[in-house]
Amino acid sequence: MRMDTVIMGGGLSGLTCGIALAKRGQRVTIVAGGQSTLMFNGGSMELLGNIDGQDVTNPLQAITTLPQNHPYSKIGANRIAEIADEAKQLLADAGINMAGDATANHWRITPMGIAKPAWLTLSENLRIDDLNQLPAKRVALMCIRGYFDQPNGMLAQGLRDLGFDVQAIEFTTDDITSLRRSPSEMRATSLAKHLVSNNALQRVADQINSLAGDADMVLLPSVLGQTDDNDIVTLQRLCNKPLRLVATLPPAVAGMRMQTLLRHYFKMLGGNYLTGDSAIGGNFEGDKLLNVTTAKLADMPLRANNFVLATGSFVSRGLAANYERVYEPVFDLDVDADADREKWTRFGVLEPQAYSRYGVATDDNLCCLKQGKTIGNLYAIGSILSGHDAIKMGDGTGVSMLTALAVARNILCGK
Amino acid sequence: MADSMQLCNLSENNFEQCTKCSICTTVCPVAAVTTDYPGPKQAGPDGERYRMKDPAYFDKALKLCLNCKRCEVACPSGVHIADIIQRARMKATMGHRASLRDTMLANTDLLGTVANLVAPVANAALGLKPTKLVMHSVMAIDKNRTFPAYSRQKFTTWFKRHAAKAQDAYPNHVSYFHGCYVNYNFPKLGQDLVKLMNAMGYGVHLLEKEQCCGVALIANGLYKQAMRQARVNTASIRQAVGTKGHTVLTTSSSCTFNLRDEYPAMLEIENSDIRDGISLATRFIYNLVDEEKVKLIFKQDYKRRIAYHTACHMQRMGWQLYSIELLRMIPGLDLQVLEQECCGISGTYGFKKENYERSQAIGSILFKHIENARVEAVATDCETCKWQIEMSTGLPVENPISILADALDVEATRRANSAGD
Amino acid sequence: MIIVGGGATGAGTARDCALRGLSVLLVERNDYSTGATGRNHGLMHSGARYAVTDGESASECISENMILRRIARHCVEETDGLFITLPEDDLQYQQTFVEACQRAGIRADVIDPAEARRIEPAVNPDLIGAVRVPDASIDPFRLTVANLLDARLHGAETLNYHEVEGLIINQQRVEGVKLLNKQDGSHVEVRGRVVVNAAGIWGQRIAQQAGVNISMFPARGALLIFGHRVNNMVINRCRRPANADILVPDDTVCVIGTTSDRIPIETVDDMRVTREEVDVLLKEGIKIAPSLATTRIIRAYAGVRPLVASDDDPSGRSISRGIVCLDHAKRDGLEGFITITGGKMMTYRLMGEIATNAVCAKLGNTAPCVTANQPLPGSEEGAPSQSDMTKRYSFGQRAAIGRHGSLAARIEKDNDIDNALVCECEGVTVGEIKYAVHQLHVHNLVNLRRRTRVGMGTCQGKLCSCRAASLMGEFRHDVKGAQEDLAAFLDERWKGMRPVAWGDTLREAQLTAAIYEGLCGLDKAVNLQGKEDVQ
């Protein structure tokens, strides 16, 4: 099967790249080995949140200070603004409505009530542009009885520390109570499957309307809107106060929706999305990759002009580590990682961990290297790239989207 | 030995690779409709650690698992979650006697042989209200369920009488594992395959000996019988693949998945030497076209709007691409690819009284998608999905092979493929 | 009387003393069973391991082994054990071993290697000899808690997080202890007629505070925990005791160990496992069960054996682990002070009995010891065993019965919320957490883990630690502390994961970081630096 581009990895970076290419008429196949880490995303994108322990206020400006090996530096700090706009537009085109500004981080509210800098946040989620000007004073925090993936105490305390006047209100409905009969399956995503009918939403709204008292704003855990935001809009309409959602522990409904909408958009543009399959190797000729073999289509190597590796970091199995070394498991590409196992990690769970900066080595065009040689038609994007730290720098989703778009541009202009 | 120390983490069904991310729970169609089922994570990797400690930790609710494998497709860690669950069921129920109902449902070929002999009577009887009520109350087969109609003539009978002789004359050859559905219920699909393959210059041959693949036997706990039949089939396939050099084609995604993947995973039947020789027909044909070994020429006046439903096991194999790409080659076909959802039937599961409601609840999402697609028919590679969708939506459901055969300009294709020989 | 130390020995002594009618206070500076008690194999020795080198210990072990099967059923899993001879070992030793076992009264059946492979498929198939012995596995956390519960039932008081700052000594007589309450920083003095030093390796410091000198001999041992049980019987090497020669199936996991190194007494609080220890454990472990080479390691930990330097053997191995009970009145002329040490977790009850005898002798109490016959709470006569109960209850309820025996009846399970799972790996329900917090002296998540197995599964607390922290905050009415507790718990989990952070364990760690730091921002709210490790 011959494609213009084959993308390995169907998460945020793979889909972003696939959409950008398919939109320009390319024939694209994405090989997606299982669901991606978007499932842990509460509904925000981060461009750059933190440098050396300091929160970043203007990410575009801060990006100019990053070291040369950071993926943003490879894209070129001067191109970031334009590509960031393109990313925001792409999300909107896919039906993901997010608000935010690349020159001024806002604050997203985490499931524990902690404010973290963010670039874009889903419009239904609680976000704060200025910590001195809260969007509401009195908030009613609606806590779902028997739902344990929202640490309500911590969340309420965190909101209070930010200056909100918080009233935590426990509630339930028949639908929610019957779901709790399962000892294990009362997750945000299971609630989202049950809170879909107008009746079920009305019952939630009735509770909110009768319990929220004199609050200016109602907060609800993000347990609505698995495939689109219709249920959220409906509930907002049924409530007589402004309603905002707060991210929960994963699997996250917002992330699941973003993944679904991006995949739909990609397929709508004619892309092939191979679910539950993964690249297991490929054939190289000189400095070119000729084709990729997948686990399920064993006798049909996928041929293409360009290949994009978007398989993620360790958690997504884009990178692997064993007793002896850190490596890239599909092609055994060159990686930027310490050889000595002792250096991968350090004691202190909240300390910066070296492994989170590991990734495949790339040149300035984000082309991969194998045994020191550049593979001209094999690019890497997203979390598999070295030189950034999604956890400590708050740059994971931004790197995913922006490197995806930068590589799409490189491919389209034949770089 | 020290050299291979900890270079990989392997365990049976990869269950140790589970990072407890819980993504599998978001795609489980059963957990979505009932709180009685603990979900794939709990039933699979979580429960397995306790069952290893003491088999008494087996939970009867595991029988609610459809074995649709959607959890495995979603798993970012490559854990064979459904296999873990099925193996646990197997270990816990090995040696138990299956009920008459389950035995009857599971023995699709036995039921078929009898039914073929008395097809008109059987069809009428299975459709009659009193019969249905008896089945509902005595046999615990749901009264709302429409039984697939039985054909008067078995596919194999037709083949021997009308097709077998001509097959040797073709330059290329394949074998065909027709399965119970084609043989007893719907010989037309087998006939369509023969028509299609012949037009491409391929002779079609039956296996020396074919028995039901046993997918229903496994699902209903008749493991020993499943193993016996699997051994017979594996031997026949080995002969076709090894001795004759044929690829063994199938037209059912469930049979294919069972023959290739469940035989080793569930029944511990070694088939690695012939696994690659078993192929769904659409995959085989697509590859021939892709490699430009054959050409397909379609009728000019063919015009239909069809939605393609990816059967769960088809998705697990990752082969929907072949069927979809082949159908897309038909110029007059407006193909809508549906978002993958489980139809809820899962072989014999939905036939059982106790599962009927759950089965329909699971399928409701898919039925809604089909309704929204505004199509005249649905295409799918699985026969049990076909029954479920036909019963629940009223739309006809066809195998992609039948659609291809229908749309094919047989003469033109024959000419195009014989020119080079 | 006052007992210093909340390990198995202290708990066993408290129980014995309380059952004999004494008025008892037990104090522990951290949580119960944080020392050597909770940092070993969880192996209920048959004594076979010591048969050749230390007949006395071996006899003690088999006798206590049989007692624990009766009185602590819910803490014991009767697995039996194998002593295997590998091609590199001397098969002659097997004979010596079997004879020594017989002398000590330990059943030791020589079985065919093929039979060994059949009954324990995980065993190294190359074995050339095997002996079956009545080894078993035991949960030291449960055992300690059961002893404490029984002590309390009989009037004892027990305090964790109370550290002895000094002893009250008056005219060559110990009259009590000065305590620091580590929870609130307050100081308190408690008086008693006898103080028993059951502080394990830390007993040397307690003795120093009394002005007497005990020379402890800290022998550190590291162990590795694998993600699931590869074996269902204890597997030992049939040779003189050496590194990593025992593999024990413990609950849902299995544990290989140990290394053995003499360490300076100053370092006994540093329990971080080194790379070298991991390497040795793996290299030797795969000789016992080759599948360990490809089984995920979920964590590493180390403990210090509290041996008393009775002679100067430098190897640390041939020293008798015999029980040492010192009456300091006789030894040092200091009245009202007894040290009980040496021994092993396995013989905690006997140590308790010996110490209590010494106390009773001082106090003129003549009540007999009944701890060998009276079952511990949770293991009463007729109490349901795990296997009878498994068919009727939910996964969480079954797991709780496995952990608490008949005490599981105290766990609320009448509504759906109490039955909801917090820790999905280990089947810990909201009800069980409530029970632990209210009745088992739980102050933080690490305590909760020791009582319930929260966060002990392969994910080491991925989603459950947040759920549990939140619930604890609610039950304990302390929301502010919940985030710090959560971070401290994750840190403690990481301490064990870090030495083995490759493969799936590294993936697991990255996902946990993505959730708690990336998604939740816990690192912005909590600063762990400079926090004392009091877990």
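## Domains, contacts and backbone geometry

In chain B, the C-alpha centres of domain 1 and domain 2 lie 25 Å apart. The model is predicted, with local features requiring pLDDT of at least 70 and side-chain atom pairs counting only at pLDDT 80 or more, while totals for chains, interfaces and linings use all residues. Residues are numbered from 1 along each chain as its sequence is written, and chains are lettered from A and ligands numbered from 1 in the order in which they are written.

**Domains**

Domain 1 of chain B covers 11–93 and domain 2 of chain B covers 304–407; such bounds come from an automatic or database domain assignment. Between them, eleven residues of domain 1 of chain B are in contact with eleven residues of domain 2 of chain B, where contact means that C-beta atoms, placed from the backbone, lie within 7 Å. The side of domain 1 of chain B that touches domain 2 of chain B consists of six nonpolar, two polar and three charged residues. In this classification Ala, Val, Leu, Ile, Met, Phe, Trp, Tyr, Cys and Pro count as nonpolar, Asp, Glu, Lys and Arg as charged, and the others, Gly among them, as polar.

Chain A is likewise divided, into domain 1 (2–101 + 256–412) and domain 2 (126–246). The C-alpha centres of these two domains of chain A lie 33 Å apart. Six residues of domain 1 of chain A are in contact with six residues of domain 2 of chain A. On the side of domain 1 of chain A that touches domain 2 of chain A, one residue is nonpolar, four are polar and one is charged.

**Interfaces between chains**

Chain C contributes 49 residues and chain A 43 residues to the contact between these chains. Six elements of chain C each supply at least two residues of its side: helix H13 (416–419), strand S22 (421–423), helix H16 (464–475), helix H17 (480–497), helix H18 (503–519) and helix H19 (522–525). Helices (H or I, at least four residues) and strands (E, at least two) are DSSP runs, numbered from the N terminus. H18(C) gives the largest share of this side of chain C, eleven residues. By class, the side of chain C that touches chain A has 24 nonpolar, eleven polar and 14 charged residues.

The contact of chain B with chain C involves 29 residues of chain B and 30 residues of chain C. The side of chain B that touches chain C divides into twelve nonpolar, nine polar and eight charged residues.

Two packed helices are described by the angle between their axes and the distance between the axes. Axes are lines fitted to C-alpha atoms, for helices over the stretch in contact, and angles run from 0 to 180 degrees between N-to-C directions.

H17(C) and H18(C) pack at about 160°, with their axes 11 Å apart. H17(C) is therefore roughly antiparallel to H18(C); angles under 35 degrees count as roughly parallel, over 145 as roughly antiparallel, 65 to 115 as roughly perpendicular and the rest as oblique. Leu490(C), Trp494(C) and Met497(C) of H17(C) meet Thr505(C), Ala509(C), Thr512(C) and Tyr516(C) of H18(C). The residues of this contact comprise five nonpolar, two polar and no charged.

Helix H1 (residues 8–19) and helix H10 (residues 348–363) of chain C have axes that come within 8 Å and cross at roughly 50°. H1(C) and H10(C) are thus oblique to each other. Among the residues making the contact are Gly12(C) and Arg15(C) of H1(C), and Gly352(C) and Glu353(C) of H10(C). The contact of H1(C) with H10(C) holds six nonpolar, five polar and four charged residues.

Most residues other than glycine have a negative phi, and most peptide bonds are trans.

| Cis peptide bond | Omega |
|---|---|
| Pro250(A) to Pro251(A) | near -5° |
| Gly257(C) to Thr258(C) | about -15° |

Pro251(A) is in the loop between strand S14 (243–246) and helix H10 (253–268) of chain A. Thr258(C) is in the loop between strand S17 (253–257) and strand S18 (261–262) of chain C.

In chain B, Glu268(B) has a positive phi, near 55°, and sits in the loop between helix H13 (253–267) and strand S4 (278–280). Glu268(B) is exposed, with 10 other C-beta atoms within 10 Å; the class is buried at 20 or more other C-beta atoms within 10 Å of a residue's own, exposed at 12 or fewer, and partly exposed in between, with C-beta atoms placed from the backbone. Arg374(B) also has a positive phi, near 50°, and lies in the loop between helix H17 (356–373) and strand S7 (377–379) of chain B. Arg374(B) counts as exposed, with 9 C-beta neighbours inside 10 Å.

Methods:
Contact = placed C-beta atoms within 7 Å.
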